Amino acid sequence: MHENTGMRLPAQLTAIEEATVRLGFGMPSNRDTGALLRVLAAGKPAGRLLEIGTGTGLATAWLLDGMDSASLLHTVDVEGDVAAVAQRFLGEDPRVRFVVADAIGWLETNADLSFDLIFADAIPGKFEQFATVWDRLRLGGIYVVDDMQPQGNWPDGHGERVAGFLTSLTQRPDCKAVELDWGTGLAIAAKSAS
């Protein structure tokens, strides 16, 4: 597979990567996933974006790098100590709102919000309570998940969970989806009328 070794990196990415290593955070988004997220964010001018699973902010940095000045990103993570890394490096950007909370509970509390692009990088919204997240995706919106190919840190039974998720996603009548051998394995879906 081609490696994107010459691509321009988001300004804070290297510092976030170094902080991620120091923290010992074991589930970071990789650069290939980030590069694709940047392209998808750029395709949503004045977009409303949602990231479930801020982590240390690696994917957040890529999303922000693709967004225009009229776009807004909500990024949600239940682990405040991990998300604090993202806030430290990206918190001054007026286009991002950091939320430390359970993502599904936060969505249920903020029932008026809908999104043009959703990156689900956590179990909620991917393997659990997917319908709650999908309902918040606007018609024509893009839904992205990563970690769809086997990883060394997968727990027992996780492969079956991924297979079941991919099957249910691709069989939805309101979804046009594709699996990609890119990064850690991606699934990308567009919400359609039928």
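1. Start with the largest nonpolar core in this predicted model. This core has 27 residues, and the ones with the most contacts inside it are L40, L49, L63, L73, L117 and V144. Helix 3 gives the largest share, six residues.

2. Once you set aside neighbours within four places in sequence, L73 is in contact with L49, L50, E51, T60, L63, L64, M67, R95, V96 and R97.

3. There's also a second, separate core, this one with 26 residues. Among them are L50, I52, I104 and C175. As background, nonpolar side chains in soluble globular proteins tend to be buried together.

4. Now for the aromatic rings. The count comes to five aromatic pairs. Take F130 and Y143: their ring centres are 5.3 Å apart and their planes sit at 80°, so this pair is edge-to-face. F130 belongs to helix 6 (residues 130-134) and Y143 to strand 5, so the pair ties together parts 13 residues apart in sequence. F130 counts as buried at 14% relative accessibility, and Y143 counts as buried at 0%.

5. Y143 also pairs with W134. Here the ring centres are 5.8 Å apart with planes at 75°, so this pair is edge-to-face. W134 is buried, with a relative accessible area of 1%.

6. Which residues do ring pairs link into a cluster? They are F127, F130, W134, Y143 and F165.

Terms used
Residues numbered from 1 in each chain as written. Predicted model: local features only at pLDDT ≥ 70, side-chain atom pairs only at ≥ 80, totals over all residues. Heavy atoms only, no water. Core = buried A, V, L, I, M, F, W, Y, C linked by side-chain atoms within 4.5 Å. Buried < 20%, exposed > 50% of the residue type's maximum accessible area, 1.4 Å probe, protein only. Helix = DSSP H or I, 4+ residues; strand = E, 2+ residues; numbered from the N terminus. Contact = heavy atoms within 4.5 Å. Phe/Tyr/Trp six-rings, centres within 6.5 Å; stacked < 30°, edge-to-face > 60°.
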